[in-house]
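This report goes through one structure, starting from a single pair of side chains and moving out to the whole chain. Please keep the sequence and the 3D view at hand.

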Amino acid sequence: MSKLATILDDLRDQPDHELQQQLVRTRDELFRLQLAQHTNQVTSTAALLSKRREIARILTILRGRALGSETQGQKPKRAQKAQNTETAKP
């Protein structure tokens, strides 16, 4: 299992209120990184990209739950269907 799949599984296992808290923390970290970048204190600009992607992942999971296509601890229906077809092939 890849690192990204592990991260996604960890996020999907969290309840909504914990995801909301993590979203607030991540947005705060991104703000601080952006502020540090403007004052030339950030050595790695890749951290900005990773924080933005983490925010997007959390928002995607929350949106999927709001629409009913995903529940806590469950992969989205589209991912399950693709996974079933991969395992069915010889």
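The side chains of Arg32 and Asp28 form a salt bridge, with 3.0 Å from N to O. The term salt bridge stands for a side-chain nitrogen of Lys or Arg within 4 Å of a carboxyl oxygen of Asp or Glu. Arg32 and Asp28 are 4 residues apart in helix H2, so about one helical turn separates them. An α-helix has 3.6 residues a turn, so residues three or four places apart point the same way. Arg32 is exposed, at 55% relative accessible area, while Asp28 is partly exposed at 34%. Here buried means under 20% relative accessible area, exposed means over 50%, and partly exposed is in between (1.4 Å probe, protein chains only).

The model is predicted: local features need pLDDT of at least 70, side-chain atom pairs count only at pLDDT 80 or more, and totals for chains, interfaces and linings use all residues. Residues are numbered from 1 along each chain as its sequence is written, and side-chain values use heavy atoms, with hydrogens and water left out.

**Salt bridges**

The structure holds 4 salt bridges, including those in the table.

| Pair | N to O distance |
|---|---|
| Arg32 and Asp28 | 3.0 Å |
| Asp16 and Arg65 | 2.7 Å |
| Lys51 and Glu54 | 3.9 Å |

Asp16 in helix H2 and Arg65 in helix H3 are 49 residues apart, and their pair links distant parts of the chain. Asp16 is partly exposed at 38% relative accessibility, whereas Arg65 is buried at 12%. Lys51 and Glu54 both lie in H3, 3 residues apart, about one turn of the helix. Lys51 counts as buried because its relative accessible area is 19%. A network of salt bridges links Glu29, Lys51 and Glu54.

**A buried threonine**

Which residues does Thr26 touch, not counting residues up to four places away in sequence? They are Lys51, Glu54, Ile55 and Ile58, where contact means heavy atoms within 4.5 Å. Thr26 lies in helix H2, residues 16–38, and is buried at 2% relative accessibility. A polar atom of the Thr26 side chain lies 2.7 Å from the backbone oxygen of Gln22.

**Core and packing**

The largest nonpolar core has 9 residues: Leu11, Leu19, Leu23, Leu30, Leu48, Ile55, Ile58, Ile61 and Leu62. Such a core is a set of buried Ala, Val, Leu, Ile, Met, Phe, Trp, Tyr and Cys residues joined through side-chain atoms within 4.5 Å. H2 and H3 are the elements that give two or more residues to this core, and H3 gives the most, with 5 residues.

In helix H1 (residues 3–13), Leu8, Leu11 and Arg12 are buried. They cover an arc of only 95° around the axis, so they are on the same side of H1; the arc is that of the directions from the helix axis to the C-beta atoms. The buried residues of H1 pack against H2 and helix H3 (46–67). Leu11 touches residues including Leu19, Ile58 and Arg65.

**The whole protein**

The protein has 4 helices and 0 strands, in the order α-α-α-α from the N terminus. Helices (H or I, at least four residues) and strands (E, at least two) are DSSP runs, numbered from the N terminus. Of its 90 residues, 22% count as buried. Among contacts with a separation of 6 or more, 61% are between residues 24 or more positions apart.

Note on methods:
A polar contact is a pair of N or O atoms within 3.5 Å; within protein, one must be able to donate a hydrogen and the other to accept it, and residues adjacent in sequence count only if both atoms are side-chain atoms.
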